[in-house]
Amino acid sequence: MIITTGGAGFIGANFVHHWLGTHDEPVLVLDALTYAGNLESLAPVAADPRYHFARVDICDRAAVATLLAAHRPRAILHFAAESHVDRSIHGPGEFIRTNVQGTFELLEAARAYWSALPQEEKAAFRFLHISTDEVYGSLGPDDPAFTETTSYAPNSPYSASKAASDHLVRAWHHTYGLPVLTTNCSNNYGPYQFPEKLIPLMIHNALAGKPLPVYGDGQNVRDWLYVLDHCRAIDRVLEAGQVGETYNVGGCNEVKNLDVVHTLCDLLDTLVPKADGSSYKAQITFVTDRPGHDRRYAIDARKIERELGWTPQETFATGLKRTVQWYLDHPDWVAHVTSGEYRRWVEVQYDGAAQEARA
């Protein structure tokens with residue numbers, strides 16, 4: 001068995017779907033079910049006898065230790081994290097608690113469990129930590145892409161908390177010998193993504209006739225990675241990655257935010273044309289840039305290609321089309337996830353900025 005923390009979140013849920021679709025091995029999902037943890041994202045596999053779920057906060061070391069003892073996993077895949085930069089600016093405390101304290105508690109529970117394993121199981125055990133390219137900071141237009149040896153320079157409470165978790169994972173390997181692996185990925189997109197992130201937010205707002213809020217001048221550049229390509233990379237790192245190593249995972253798709261929104265509008269104009277024949281681009285609204293907004297991220301993923309043979313299967317065009325179609329095909333999931341706390345958050349975060357921009 002393997003354990004995934006945060007398995008009801010965006011990347012975690014996609015990984016559970018991928019795992020159960022390609023492996024016979026059972027998976028236990030640990031998730032605290034905060035606002036971004038959604039069991040509806042796991043509903044398609046809920047009846048699978050290989051799927052197990054436990055509502056657990058990773059900060060509760062005793063509860064995690066109990067589950068480890070009961071299920072005896074061969075690997076822990078650590079997806080659980082607070083991950084939205086805007087939320088980290090407004091409320092950094094939760095990011096420190098989950099991403100730093102939570103990773104520490106999980107590492108300690110894992111270390112105690114691993115230390116007590118029989119030698120053969122101990123040698124086979126892995127702790128795979130899923131992180132982000134944001135720990136590396138921001139790039140200029142002509143700077144080379146981030147490599148695994150790029151110095152850390154986080155610029156937001158979110159990226160700082162993830163950088164801290166990366167350092168803890170590294171330290172637990174070098175100090176205690178815990179067999180860890182780390183992946184640092186670029187911006188993910190795809191099915192089951194909570195609509196506070198750029199792509200699902202734009203799809204949701206476009207169809208609802210709402211403004212499409214673009215920060216600043218829209219020229220910030222991100223490397224876009226289709227989530228199932230990321231899942232395949234994580235699977236490959238778990239299978240063959242070298243203990244103690246870090247692997248950057250990128251989509252080889254550097255695109256400006258405004259160009260992402262324009263492409264989405266073009267797709268929606270074709271797939272769901274407006275009755276009056278106008279383009280969704282008319283809904284684009286430029287809003288005040290967020291504090292410390294990194295200008296450009298880019299991933300050099302040659303190491304994982306060279307050492308493990310992984311390359312992304314989706315281009316940005318094919319991945320984005322699949323993503324838009326998924327949201328169009330799953331209106332109930334979107335309707336459920338965009339109610340309550342999320343709706344209040346969007347009003348606080350974007351409406352004031354949009355009104356300011358229109359004034």
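Leaving aside neighbours within four places in sequence, which residues is His230 in contact with? I started my notebook with that one. I found Ile11, Ile130, Thr183, Cys185, Asn188, Leu225 and Val249 in contact with His230. Contact here means heavy atoms within 4.5 Å.

**Ground rules**

I am working on a predicted model, where local features need pLDDT of at least 70, side-chain atom pairs count only at pLDDT 80 or more, and totals for chains, interfaces and linings use all residues. Residues are numbered from 1 along each chain as its sequence is written, and side-chain values use heavy atoms, with hydrogens and water left out.

**His230, continued**

I placed His230 in helix H8, residues 227–240. Helices are DSSP runs of H or I with at least four residues, strands are runs of E with at least two, and both are numbered from the N terminus. His230 has a relative accessible area of 0%, so I logged it as buried. The cut-offs are under 20% for buried, over 50% for exposed, and partly exposed in between, with a 1.4 Å probe and protein chains only. I also checked His230 against Phe15. They are 215 residues apart in sequence, and their C-alpha atoms are 8.5 Å apart in space.

**Whole protein**

I counted 13 helices and 12 strands. The radius of gyration is 20 Å, close to the 21 Å from the globule rule for 359 residues, so the protein is as compact as a globular protein of that length. That radius is taken over C-alpha atoms, and the rule is 2.2 Å times the number of residues to the power 0.38. Along the principal axes, the C-alpha atoms fill a box of roughly 70 × 45 × 40 Å.

Of the 359 residues, 55% are buried. Among contacts with a separation of 6 or more, 82% join residues 24 or more positions apart. The protein exposes about 14700 Å², and carbon and sulfur atoms supply 52% of that. These areas come from the Shrake-Rupley method with a 1.4 Å probe; for residues, only the protein chains shown count as cover.

**Second largest pocket**

What is the volume of the second largest pocket? I have it at about 380 Å³. It is lined by 20 residues, and the closest to its centre are Glu148, Tyr152, Arg170, Gly244 and Thr246. Helix H6 (157–176) and strand S6 (180–185) are the elements that give two or more residues to this lining. H6 gives the most, with six residues. By class, I noted five nonpolar, 10 polar and five charged residues in the lining.

My terms for this search are as follows. On a 1 Å grid over the protein atoms alone, a pocket is an open set of points with protein on both sides within 12 Å along at least five of seven lines; a cavity is a set where a 1.4 Å probe fits but cannot get out; lining residues have an atom within 4 Å of a point. Points are joined across faces, edges and corners, and a volume is the space filled by probe spheres set on the points. Nonpolar covers Ala, Val, Leu, Ile, Met, Phe, Trp, Tyr, Cys and Pro; charged covers Asp, Glu, Lys and Arg; the others, Gly among them, are polar.

Ser165 is found in helix H6. Its relative accessible area is 0%, so it is buried. Not counting residues up to four places away in sequence, Ser165 touches Asn99, Thr103 and His129. Thr182 is found in strand S6. Thr182 is buried too, at 6% relative accessible area. With neighbours within four places set aside, its contacts are His129, Ser131, Val169, Glu245, Thr246 and Tyr247.

**Cavities**

How many cavities of 30 Å³ or more does a search of the whole structure find? I got three. The largest cavity holds about 40 Å³ of space. Its lining residues are Val85, Glu134, Ser156, Ser159, Arg290, Gly292, His293, Asp294 and Tyr297. They divide into two nonpolar, four polar and three charged.

I found H7 (residues 198–208) mostly covered, with eight of its 11 residues buried.

Which loop holds Cys252? I traced Cys252 to the loop between strand S10 (246–249) and strand S11 (254–256). It has a positive phi of about 60° although it is not a glycine. At 61% relative accessibility, Cys252 counts as exposed. Leu33, also not a glycine, has a positive phi of about 55°. Leu33 lies in the loop between strand S2 (27–31) and strand S3 (51–55).
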